[in-house]
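Me: I am new to this structure and would like to go through it by question. Please show it first.

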Amino acid sequence: MKTLEIGEAYIKRIGDKSRLCSNISWGDRARTLWFEVEREYEECLCTERIDGFLVALLPFAMIENLNIHSMGCVSERLLYQIKTILLPSLSANIPEFHFIDIDAKSDGRILESKNGVGTALSGGVDSFYTVLKNMNTETKGFNLTHLTYFNIMNHPQWQGYGEDSSRDFSDARINYVKPAATELGLKLVTVDSNFDLLYHEYVLVTTSTFRCFGTVLALQKLFGKYYWSSSYSFSQFNFSDDIAFFDLLSVQCVSNENTTFYSTGSEISRLEKTAYISDYAITYKYLNVCWMNLYNCTSKCDKCKRTMLALYGLGKLDRYREVFNVDEFYRNINEYLAYLLLKRINEKKKQSRFYDEIYQYYNAQSVKIPKAAKVQAIKLLWIYKHKILEFIQALFNRGTMESGKPL
Ligand SMILES: [Zn+2]
């Protein structure tokens, strides 16, 4: 079994930015990985521990079946939790993740810290819920002090746009959320990194969570607490290659002596979060759920359609005219409602129930779904089934031509 060597962390200055770097190697391959911040945050980059690199590299090492060795130091609590809880649990339940060993020194001393409280501001429903829920609370030590945006594989179609394409998307999104952070009165900390290059061929939902946790730990001298916005509720906890389903375990295991992670928003459903944020005017200007485009596409991607359908059911869609093409939605409302009906049938086989929740809410609130939308759904279902039949037929025909005999 090969070993992934993680070098000790060091700082390198590039222009007015500062990078936390580590030289890594495995087999005959080697590269330098880095997290880059504005110079003012250089003092918060953690050179005393390799925690950030270790956590961000966990999916890579487990998928590639590489033991980890380092001459650097790991936080004691982190090393214990990863070795005794996280690794055995993941390798026993997720086929892609192998059980690996980690050989490194540990240190349980607390580092000097700014004790900030942070969370990501992507502009989506989950992140806005976490932000708005954790400002001006009675528990002062838990009120947000910083918002973050990381260049961590933000674009789901990034593989089609070249190796390091997420940076352009990320930079554009940073410019989009900057004024929102200013209006909220919070500092925005942006982090660039080159982990995209290492993870270029890997599945987003299997690796991104730990890469974000690693990025926070690279700045563990800035963050005493970090809120991790969950996509799913606690009741949906299970082991899956979509690692967001077990956030509750992950946040426990990646917390160390300096930074405690919390899974936020898991206490309620997506629709309830949408209802909560729709009472805050800042979301009318900055809600941005689209992963396909820089701004909400309204009609092309699943997330935009789903969010609009939820807001429509809640009676709040008209508040979002600045960020969605609401008129287009109303013009084609039967198509959107047909989409809801079809997606609900499809997701019954899956773990997520976003559309079913919206549908049940429509029923409870007597939101009408016209006959025309139901007919449209049946038509779409028919077309879909017909296409599957054509596909099967083509497969058999191809088999006949290639092999000379029927399959
Ligand atoms: Zn979209």
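Me: Is Asn136 buried or exposed?
Reply: A residue counts as buried if 20 or more other C-beta atoms lie within 10 Å of its own, as exposed if 12 or fewer do, and as partly exposed in between, with C-beta atoms placed from the backbone. Asn136 has 8 other C-beta atoms within 10 Å, so Asn136 is exposed.

Me: How are residues numbered, and what kind of model is this?
Reply: Residues are numbered from 1 along each chain as its sequence is written. Local features need pLDDT of at least 70, side-chain atom pairs count only at pLDDT 80 or more, and totals for chains, interfaces and linings use all residues, the model being predicted.

Me: Where is Asn136 found, and what is its phi?
Reply: Helices (H or I, at least four residues) and strands (E, at least two) are DSSP runs, numbered from the N terminus. Asn136 is found in the loop between helix 3 and strand 8 (146-150). Most residues other than glycine have a negative phi. Asn136 is not a glycine, yet its phi is positive, about 55 degrees.

Me: Which loop holds Asn65, and how exposed is Asn65?
Reply: Asn65 also has a positive phi without being a glycine, near 60 degrees. The loop is the one between helix 1 and strand 5 (67-75). With 13 other C-beta atoms within 10 Å, Asn65 is partly exposed.

Me: Which residues of helix 3 are buried?
Reply: Helix 3 covers residues 125-133, and seven of its nine residues are buried, so helix 3 is largely enclosed by the rest of the structure. The buried ones are Val125, Asp126, Ser127, Phe128, Tyr129, Thr130 and Val131.

Me: Which residues does Ile277 touch?
Reply: Ile277 lies in helix 8 (residues 270-277) and is buried, with 22 other C-beta atoms within 10 Å. Two residues are in contact if their C-beta atoms, placed from the backbone, lie within 7 Å. Leaving out residues up to four places away in sequence, Ile277 touches Val125, Phe128, Tyr129, Leu132 and Thr283.

Me: Where does the largest nonpolar core lie?
Reply: A nonpolar core is a set of buried Ala, Val, Leu, Ile, Met, Phe, Trp, Tyr and Cys residues joined through C-beta atoms within 7 Å. The largest has 96 residues, and Leu54, Leu57 and Ala61 have the most contacts inside it. Its largest share, nine residues, comes from helix 1 (residues 51-63).

Me: How far apart are the centres of domain 1 and domain 2?
Reply: The centres are taken over C-alpha atoms. The separation of domain 1 and domain 2 is 31 Å.

Me: At what angle do helix 10 and helix 12 pack, and which residues make the contact?
Reply: Axes are lines fitted to C-alpha atoms, for helices over the stretch in contact, and angles run from 0 to 180 degrees between N-to-C directions. Helix 10 (residues 302-314) and helix 12 (residues 333-347) have axes 10 Å apart and pack at about 105 degrees. Helix 10 contributes Lys305, Met308 and Leu309, and helix 12 contributes Tyr336, Tyr339 and Leu340.

Me: What covers the buried residues of helix 13?
Reply: In helix 13 (residues 354-364), the buried residues are Phe354, Tyr355, Glu357, Ile358 and Tyr359. Their cover includes helix 8, helix 10 and helix 12.

Methods: Domains from an automatic or database assignment.
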